[in-house]
Structure formats: structure tokens, C-alpha cells
Amino acid sequence: MTESTYRIQGATGDWEVVIGLEVHAQVTSNSKLFSGSATAFGAEPNTQVSLIDAAMPGMLPVLNGECIRQAVRTGMAIDAQINKWSRFDRKNYFYADLPQGYQISQLYHPIVGEGSLTIEADEKAGIPEAKVIGVERIHVEQDAGKLMHDQHPTMSYVDLNRSGVALMEIVSRPDMTSPAEAGAYLSKLRTILRYVGSCDGNMDQGSMRADVNVSVRRPGDELGTRTETKNVNSVRFVMQAIEHEANRQVDVIEGGGKIVQETRLFDPNTGSTRSMRSKEDAHDYRYFPDPDLLPLVLEDAFLEDCRASLPELPDAKRARYEGELGLSAYNAAVLTADVDTFQWFEALLAETALAQGKQPAEVAKQAANWLISELFGALNKLGKSLEDSPVSHEHAAELLALVGKGTISGSIAKQVLEIMLETGDGATVIVEREGLKQESDTGAIEAKVDEILAANGDKVAQYREGKVALFGFFVGQTMKAMQGKANPQVVNEILKSKLG
Amino acid sequence: MTELTDLGVAAIRDGVAAGTFSAVEVAEAFNANVAAAQGALNAFIVATPEKAIEAAKAIDAARASGAALGPMAGVPIGMKDLFATQGVQTTAASHMLEGFVPQYESTVSAKLWEAGAGMLGKLNLDQFAMGSSNESSYFGNVISPWQRPGSNAQLTPGGSSGGSSAAIAARLCPAATGTDTGGSIRQPAAYTGTTGIKPTYGRCSRWGVVAFASSLDQAGAMARDVTDCAIVLEAMAGFDPKDSTSLDVAVPAWTASLSADLKGKKVGIPREYRVDGMPAEIDAIWEQGIAWARDAGAEVVEVSLPHTKYALATYYIIAPAEASSNLARYDGVRYGLRDLPDGAGLQDMYAATRAAGFGPEVKRRILIGTYVLSAGFYDAYYTQAQKVRALISQDFAKAFEQVDVLLTPTAPSAAFALGENVDDPLAMYLNDVFTVPASLAGLPAMSVPAGLDAQGLPLGLQIIGRPLDEQGVLNAGLAIEARAGFTARPGKWW
Amino acid sequence: MSVDTATVAKIASLARIKVSEQELEAMVPELNGILAWVEQLGEVDTSGVEPMTAVIPNTLRLRDDVIDADPLTGGNRRDAVLANAPAAEHGFFGVPKVIE
């Protein structure tokens with residue numbers, strides 16, 4: 001494996017960065033991990049709170065099976081060891097967002113053990129080769145509530161709607177050595193979670209957030225002291241936080257200082273990290289097995305159900321797109337990077353194959369190329385995503401079929417797409433209405449070709465003397481004369497025969 | 001005519017059903033006794049006479065309409081103030097929860113109301129059920145109705161279910177709920193000449209019961225005799241999907257299957273329970289119990305429970321550890337006491353609230369528990385204790401390969417005077433020496449009154465059974481009860 | 001293992017219980033008495049013994065993922081949740097201002 005060459009250039013030489021991520025991913029479930037209250041985002045304060053979530057006296061937790069199923073499926077998706085025997089521990093500390101005075105988590109016996117995922121090579125980003133990043137464990141735990149500090153001059157307000165929502169904490173090995181690798185890891189992890197359906201990956205709603213562990217060292221040295229930057233909530237911010245934190249650490253060390261193992265906060269406005277003073281006093285979480293809960297023992301049948309319900313995962317899908325569908329590595333990577341994208345593509349592909357009476361593999365390249373170079377670009381200009389694309393996959397397939405059958409040319413197709421985006425109409429309707437149908441009538445094209453050859457006698461002579469590059473000129477002139485509607489293949493054939 | 005308040009659960013239920021007297025008459029009679037004794041005994045934190053009447057009226061109306069009556073129809077009971085009761089203050093005898101009015105009903109109390117019982121009030125207890133003498137209640141000591149002849153020294157009714165035991169002994173209620181973490185049903189029963197059973201861990205739901213130590217807490221029944229205990233326990237017990245440790249097994253018809261015949265049964269006598277310095281009277285009552293067991297047809301076998309001597313120390317690591325975490329929720333944010341000194345921040349508020357809201361024994365146990373779980377000590381204390389606990393449990397399992405039940409004294413002495421052990425927590429903890437092992441192993445166990453000591457104070461015998469064999473325990477208890485013929489009751493001085 | 005005043009102060013702080021100097025002084029011998037007594041567990045040979053995990057052998061049941069199936073374990077009952085709060089305002093629990 002080629003190591004990353006990412007280095008911080010300090011005053012005294014090069015420094016290597018070592019990065020590990022602890023990602024908190026909200027498990028997709030209707031109700032909370034240990035109570036029946038809802039998990040939906042954005043509800044009125046304290047309306048999604050049960051007596052259990054508010055830690056009333058005598059309240060007891062009962063485990064939500066769906067959260068366990070999702071954690072197991074996630075573990076399987078990263079080829080991790082699934083622990084058939086696990087249990088929940090209490091992490092004890094006092095804070096206003098933690099009603100029980102402890103968080104139910106899994107320290108000693110997590111449900112998922114060692115696994116890994118692969119980040120792809122990305123030369124531009126400084127990732128020369130695909131790289132395997134280890135995942136140490138995934139455990140299931142409760143989320144905390146939320147404090148609001150700006151509503152009252154002397155009070156903070158506590159909203160427990162999030163309190164008790166199920167999280168997966170996905171702990172990586174310190175296998176990443178550049179901000180780009182960390183970014184790629186987080187993106188890939190998000191993709192996998194969204195494929196599996198165990199987390200919606202909405203980072204702006206806090207469904208996914210990362211604690212970023214960073215240390216620096218001289219290449220080849222022992223690991224340095226690390227800091228942990230909490231709750232960073234986008235891929236870009238994670239990369240920024242690492243960049244900033246690594247440089248800060250190098251500055252401290254080179255300035256003769258020492259790195260303190262501490263918790264830090266990321267400020268998205270400045271792109272910098274700062275020490276989190278309120279959490280500075282040494283914690284002693286007094287973990288012990290939660291006596292309100294029993295060991296969690298997973299039956300083989302449960303595990304089989306989990307495995308059987310796994311979808312085709314990103315790596316497998318990419319390989320299939322390249323192998324079976326013959327897509328380029330780049331196109332396969334782009335189309336499998338997100339659930340919305342591959343779902344759109346696969347729907348388009350099916351419709352396209354149907355519309356043209358061909359096998360998907362025969363039209364896959366056409367569909368992929370068009371989607372990536374035409375539709376993505378067009379949507380991008382409009383500031384829209386696939387989800388709110390004015391063009392449906394049915395209409396898109398219609399458009400591709402018109403091109404495939406030679407009814408319109410590629411350049412006319414661009415025009416048609418513009419109109420589709422504006423009007424939301426179907427491709428056939430537009431082509432008919434605007435009279436954009438391609439001319440394949442040999443006679444009509446021949447007449448135009450004759451005109452053009454007659455008007456450009458000098459160029460015809462040059463061509464015949466060997467300046468074959470002029471062929472393109474004749475094609476262009478013909479197409480122009482035909483207002484772009486001539487079938488290029490027919491034009492080529494006629495020109496070839498006339499020019500001899 | 002017998003006073004209504006001298007009747008037990010079965011007699012009241014049957015009398016109400018037969019129309020011998022009305023449920024309202026019964027409730028009124030007990031309400032009067034509760035009110036009359038409150039100043040002297042302090043058995044209740046809150047009396048709810050209107051609740052008792054309301055429930056009784058419903059039963060009388062149901063009977064009049066010919067509706068089917070529940071197994072406890074017309075029986076007013078006392079509810080230990082550790083069970084959350086909707087709309088009625090629930091304090092766990094703490095300042096912390098003074099004024100706390102639950103918006104929910106514990107599973108156990110709900111089942112009792114469902115069975116036709118009514119509530120006379122919320123019974124006093126040791127604060128958060130931590131104590132063996134009922135001297136740690138924020139609402140004052142419970143005074144035992146029992147006194148030494150010729151002395152008016154106040155005696156303990158035992159703890160933590162001391163309000164329950166005192167109220168039953170003084171005829172303030174025919175039955176009461178208790179909870180037992182290390183002996184909190186059995187020891188108070190023994191001290192007051194009443195009967196109490198702690199079922200197998202998981203039989204009664206812990207949902208809505210203020211938690212002390214989750215892996216040990218178990219609700220149970222207290223009454224004047226074994227039959228009444230069986231009736232009450234049958235109504236309380238049962239699977240509850242809201243409690244993950246609740247056992248998903250049917251509740252047998254214990255009452256219908258009661259039998260005092262022990263023929264073919266083996267009764268084990270654990271030799272390690274003959275502790276050094278055990279008073280002769282305790283030894284004598286134990287020997288008497290052995291003789292009664294033989295008389296009932298049982299074969300008596302000596303057995304060994306080798307890790308018995310470590311049970312108390314194990315308990316005093318595990319229970320405080322769990323308590324330190326269970327009681328972290330009392331922080332002044334969502335309910336209960338809030339002490340917010342001028343200019344205090346959040347963490348200062350916690351520290352002030354918890355300092356003001358918890359009594360000394362509760363604080364002591366929270367600190368012990370915090371210490372044994374803290375970094376560097378966890379394995380030496382907590383893990384080791386859970387290992388020893390496993391050994392204690394295995395000891396019982398081995399013994400139960402040979403015998404059906406175990407017979408032991410319930411407590412190492414009769415009731416002591418209030419104030420006698422307050423300054424020495426360790427001496428106080430030793431009261432639980434015979435009851436704690438069964439709690440650690442989650443086994444069903446009960447105390448039945450067996451006789452009086454030389455000072456005229458009640459002594460109890462304990463029967464411990466196999467997991468889920470409440471029937472075996474009740475039957476052995478019934479055999480002892482039948483032979484002990486315990487009829488002594490405290491003279492009414494209040 | 002025995003504790004001194006500083007240790008007890010640290011434990012009390014971890015447990016968020018404010019103790020006066022006087023209380024601290026009184027607690028040290030009490031806690032040491034109890035700790036010295038529980039220390040006898042160290043003499044038990046527990047090699048090869050698994051710590052107890054379930055009092056009565058039993059494993060965890062899994063709940064169906066249903067919202068508010070039972071008002072006792074579900075949400076959407078803010079009034080009940082806030083009913084006993086020392087400072088409830090605008091649907092929130094109020095606490096002294098926290099600076100993060």
C-alpha cells in the first residue's frame with residue numbers, strides 16, 4: 001500500500017498526521033432506543049418525550065429491536081464481526097441534557113466488532129490508491145437532549161426530544177493520514193449507511209456527526225498525543241478541523257510546547273478549533289453493566305434475516321456497473337456514490353432499455369453518459385438536485401430513445417433537454433411540436449450536400465489533394481444548412497461518396 | 001362480633017362477597033385505625049381515606065350489580081411509598097421527592113387496584129429503601145407497635161418496609177406492599193410478628209417502583225398470615241413488558257395450591273447460617289422450626305452454602321454501586337427538590353440539591369457506590385463482587401439439588417430499640433446477614449412469625465426456595481405457621 | 001484501600017453532593033470502616049468465575065418499533081412530563097444558564 005504523502009511542513013521539518021474518527025449516526029427508527037416516543041426531526045420542544053426519556057422515578061428501559069437490527073445490518077455492510085452476545089453499560093455523568101444521570105451505551109461488549117471499509121483512489125485529492133480503513137467497533141447508545149442558551153437572560157432551556165434517540169457510534173482505527181482520507185472515509189461511510197438504510201445521513205440535521213481525533217508525529221515515529229474535536233457535522237468541516245488542528249499541533253510542538261489530551265470544539269465560521277473549557281475537569285464515567293437490562297443474545301435466525309435484507313452495497317454495485325454494464329470507472333464511481341443517484345440511474349436504465357427494446361447493458365453507457373454530462377450539468381445550473389429534477393426518468397428515457405433510434409441528434413437532444421427542464425413536457429411531444437425531428441431522407445441531404453460542394457469548389461480540390469481534415473468542415477456546413485436536423489451518419493455517407 | 005380490623009385479606013374479601021359487611025364499612029374501620037395511630041406510630045407518610053372509600057364504594061356497587069368481584073375485592077391495603085401512585089404524592093421517604101406527584105401508576109399497584117383492593121395511604125419506609133430500622137425516613141421514624149413488657153422504649157419495626165410491617169401488626173391494614181432489596185420485607189415481618197414474602201426476582205414488575213438497586217429490588221406481599229400473602233402476591237405478580245427483567249412466565253394459582261403437608265419434601269439447614277455469637281434464643285427458635293418441619297412430614301438435611309459469609313460484603317458493594325447510578329436522576333431539573341443558591345451554576349445546583357435532598361444514609365451509600373465504580377477500583381470491588389455473587393448463587397443451586405427449601409432464622413435478633421444502631425452503619429448492616437444471600441441469588445424467600453423471645457418480642461423464621469418455586473416456600477411457611485400457632489399481638493398503647 | 005479527606009471530597013464531587021468540611025471529616029472514618037469490611041471479598045478465589053450478568057437466567061427481549069403504543073412508555077404527553085418541574089417555561093425545563 002502506498003502511504004499518503006500528506007505532510008505538514010513545519011519550521012523544523014515534515015510532520016505526519018494521524019486521524020481517527022468516531023462517527024455518531026442516528027439510527028433510522030420510528031421510536032427511541034428504549035422508549036416508544038417518536039424520533040422525527042423538528043417537533044415542538046418536549047413533545048417527543050416519554051416518562052422514560054424524562055427519567056421519572058421507577059422508569060425502565062426496553063430495547064427497540066429495530067435499532068438492533070439496523071446496527072447489525074450496518075456491521076454486516078462493513079464486513080464486521082457481529083457479537084452474538086453483547087450488553088449495555090451505563091456511562092455516568094451529570095449534565096442537563098442527560099436526564100438519567102447516565103447514558104446507556106456499550107463499553108465492554110459492543111454489538112459490532114472489527115470491520116473495515118475501502119476508500120477509493122483519488123489522485124487529485126492526494127489519495128494515490130484505494131485504501132482500507134479499519135473500523136474498531138460499532139456500539140449502540142442513547143443520544144442526549146438539547147440545551148438552548150439564547151432564550152432567557154439567566155436560564156438555559158432543556159428540550160429532551162432527542163434524549164434517548166438511538167445512535168450508532170462507529171469508531172475507526174487511526175488509519176487515516178490526511179484530511180482528504182478522512183473526508184473520503186466519512187463520505188464512504190455515509191454512503192454505506194444510506195445504502196443500508198440504517199441512517200439517513202442528514203448531517204445538517206445532526207443525524208451524523210463526527211468526533212475527530214488528531215495527532216501529529218515525525219514520519220515513522222510513535223503516535224503523538226491526540227486531541228478530540230467534538231461534533232463536527234460535515235465532510236468539509238471535518239477536513240478543515242483536521243487541517244487546522246494538525247497545523248496548530250505542529251506550531252505548539254515546534255514552539256517548544258506540549259499537546260494536551262483534551263476535548264476541542266470546531267468553529268465553522270473561522271474553520272478553527274478551540275479548547276472546550278466546560279468539559280475540562282477529569283471525567284470518571286464509572287461504567288458498569290446496566291442492571292435494568294439483560295445481556296443481548298442474537299439468534300442465528302435474526303442474523304440471517306439481517307443479512308438477507310442487505311441491499312447491493314456500493315463496492316459491489318460499482319464493480320457490477322463496470323463489469324456487467326461496461327461503464328467507465330469514473331462513471332461507475334459517480335453513479336454509485338449516493339442512493340438517490342443510483343436509484344435514479346437504475347430507473348432510467350430500466351426505462352431506457354424498455355423504450356429501445358434492448359438489454360440494459362446495451363444502453364447503459366448512453367444512459368450513464370447522458371445522466372452525468374447532460375442532466376447533472378443542467379440541474380447544477382438550475383441549483384437543483386435529482387430529487388427535485390423537473391425531468392422524470394420516464395421522460396429522460398424517451399429522450400434517449402429518440403437519440404438511440406436516430407430520430408434526433410445529440411445536439412438536438414441538448415436543446416430538447418433545455419425545453420424539458422423548462423416545461424416538464426415529454427421529449428417526443430417537444431420534438432414534434434418544435435419540429436426538431438432529424439432528417440434522414442437521403443434525397444434532401446444529397447441536395448444540400450451538392451449545394452455546399454458546389455459553393456466550395458476550392459476546398460473540394462484541396463480535400464482531394466489530400467487535406468482530409470476538411471471533411472469535418474463539409475459535415476459542419478451540411479449540418480448547419482440542415483439546421484442541425486440531419487442524421488450525421490447519413491451526412492457522412494453521402495459526403496464520402498460524393499468526395500470520392 | 002369481631003372487629004373488622006382484626007380480619008385478614010381472605011376474611012374481608014369473603015365477608016364482602018357474602019354481604020356479611022360492606023366494603024365501605026371495612027374501609028371506614030381501617031381509615032379510623034390509621035388516623036388514630038398516626039401520631040404514635042407514624043406508619044403512613046400520607047393517608048388517603050378518600051381513596052379507600054372510593055374503591056370500597058366501587059366494590060359495593062359492583063357486588064350490588066352482580067358483577068364478578070376480583071380476588072382482593074373490598075380489601076383496603078397500605079402502599080409502600082416507593083410505588084408511584086398516580087395523583088398521590090410519592091416520596092421514597094425523601095425530602096428530594098417531597099411534593100412529587102406521579103403522572104403514572106406503578107404496574108404492581110395498578111394490578112392490586114385491578115384486583116379490587118383500595119388504598120389506605122402511602123406507607124413510611126427507610127429513605128429510598130436504604131436501611132434496616134426505618135430511621136432514615138425524612139418524615140420521621142416509624143415506631144413499632146410492639147414494646148418490651150414494662151418498657152415504653154420505642155422499638156424499630158424493621159426496615160426498609162417498616163411502615164408496612166408496623167401498620168399490619170397494629171391492625172391499620174390487613175396487608176401491604178413491601179419491597180425487598182436485601183431483606184426489606186422479611187426482616188420487618190420478623191420484627192413485628194407479621195408474614196412477608198419476596199418472590200423470585202422478576203416475578204413482580206419494577207416499573208414505577210422508585211429504584212434502589214435494580215438487580216436486587218423486588219416487590220412482595222406483607223400480611224398477617226401465609227394465605228393472605230399468597231392472595232396479595234398472586235394479585236401483584238405477573239409479566240410486564242415495560243420491565244426488561246420481568247419474567248415472562250405465568251403466575252401459578254398459589255393460593256389454591258396451598259398445602260401444609262411437607263411429606264416427601266426435603267428441608268435444608270445451611271450450616272453456615274450458624275454464625276458466631278448468634279443469640280441462644282435465635283438458635284432455639286431455629287431448632288423449633290426444624291422440629292416443626294419434621295412434624296409436617298419433611299426430611300431435614302444439613303446443607304452447605306460455603307460463600308455465605310461473603311454475602312453481606314458483596315451486597316454492600318453491588319447495592320450502593322447500582323444506587324449511586326439509579327439516584328443520579330434526582331438533580332433538581334425535571335421534578336423534586338431544587339436548591340439553587342444565589343448565583344449558582346448548573347453543577348452547583350446539582351450539588352446543593354443533592355446535599356439538601358438526600359439523608360445521611362443515602363449519601364453514604366451513594367459515596368460508597370461512586371467510589372467502588374470509580375476508575376482503578378471497578379474490578380477490585382464491583383467485578384469481584386459480581387463474581388462472588390455468582391458463587392453464592394451457585395451454592396444455592398447446589399443445595400437445591402439436594403433439598404426443596406431452606407429453613408433459617410430471618411434475623412440475628414429480635415427488634416432493637418430505635419437509636420441503638422444509628423451511629424454504627426456496620427452494626428446496622430449486620431441485621432441483613434440471613435436475608436441478603438437469597439436476594440443476591442434472586443430467590444423467593446419469606447418470613448413467618450415463629451414465636452416470642454424472652455422479652456416477649458416476635459421472632460421469625462425464613463424459608464428460601466428455588467427460583468420460581470414460590471409455592472414450595474408458601475407451603476413450607478404454612479406448615480410452620482400451622483405449628484407455631486402464633487397469635488401474639490402487640491398491646492394497644494397508642 | 002482506604003480513603004482520605006481529599007479522596008472523599010473528590011468522590012462527593014463526582015456524585016454531585018455538596019459536603020461541608022465537618023461532614024467530610026465525619027465521613028472518612030465511616031467510609032473506611034465499610035471499605036475495610038468489604039475488602040474481605042479479596043480473599044475469595046474467583047479465578048475462572050464469570051461475573052453474574054442476570055440474576056435469573058434470562059436474555060433481553062426486543063420491543064417492536066412502534067410510536068406511542070402505550071401512553072406509559074410513549075411520548076406526546078408534555079404536560080405529564082413537565083407537571084413536576086421546578087422551572088418549566090414555554091414547554092422547556094429551565095436550568096441555570098450553562099456556558100459551553
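**Exercise 1. Among contacts in chain C between residues at least 6 apart in sequence, what percentage join residues at least 24 apart?**

Solution. This is a predicted model, in which local features need pLDDT of at least 70 and side-chain atom pairs count only at pLDDT 80 or more, while totals for chains, interfaces and linings use all residues. Residues are numbered from 1 along each chain as its sequence is written, and chains are lettered from A and ligands numbered from 1 in the order in which they are written.

Step 1. Two residues are in contact if their C-beta atoms, placed from the backbone, lie within 7 Å.
Step 2. Of the contacts in chain C whose residues are at least 6 apart in sequence, 30% join residues at least 24 apart.

**Exercise 2. Describe the elements and the overall form of chain C.**

Solution.
Step 1. Helices (H or I, at least four residues) and strands (E, at least two) are DSSP runs, numbered from the N terminus.
Step 2. Chain C holds 3 helices and 2 strands, which run α-α-α-β-β from the N terminus on.
Step 3. With a radius of gyration of 23 Å, well over the 13 Å that the globule rule gives for 100 residues, chain C is more spread out than a compact globule. Here the radius is taken over C-alpha atoms, and the rule is 2.2 Å times the number of residues to the power 0.38.
Step 4. Along the principal axes, the C-alpha atoms of chain C fill a box of roughly 50 × 45 × 25 Å.
Step 5. Of the 100 residues in chain C, 31% are buried. A residue is buried if 20 or more other C-beta atoms lie within 10 Å of its own, exposed if 12 or fewer, and partly exposed in between, with C-beta atoms placed from the backbone.

**Exercise 3. Trace the sheet that has the order β8(A)-β9(A)-β2(C)-β1(C), and explain why β8 of chain A and β1 of chain C each have one side without a neighbour in the sheet.**

Solution.
Step 1. The sheet is open, has 4 strands and shows antiparallel pairing.
Step 2. β8 (146-148) of chain A and β1 (88-89) of chain C stand at the edges; each has a single partner strand, so one side of each lacks a neighbour in the sheet.
Step 3. Two strands pair if DSSP finds at least two bridges between them. β1(C) and β2 (residues 92-96) of chain C pair in the antiparallel sense over 2 bridges.
Step 4. C:A88 is opposite C:F93 in β2(C).

**Exercise 4. Characterise the contact between chain C and chain B.**

Solution.
Step 1. Chain C contributes 42 residues and chain B contributes 57 residues.
Step 2. On the side of chain C, α1 (5-14), α2 (21-38) and β2 each supply at least two residues, and α2(C) gives the largest share, 7 residues.
Step 3. By class, this side of chain C has 30 nonpolar, 7 polar and 5 charged residues. Ala, Val, Leu, Ile, Met, Phe, Trp, Tyr, Cys and Pro count as nonpolar, Asp, Glu, Lys and Arg as charged, and the others, Gly among them, as polar.

**Exercise 5. Is A:F302 buried, exposed or partly exposed?**

Solution.
Step 1. A:F302 lies in helix α4 (residues 300-308) of chain A.
Step 2. With 17 other C-beta atoms within 10 Å, A:F302 is partly exposed.
Step 3. A:F302 and A:R7 are 295 residues apart in sequence and, C-alpha to C-alpha, 46 Å apart in space.
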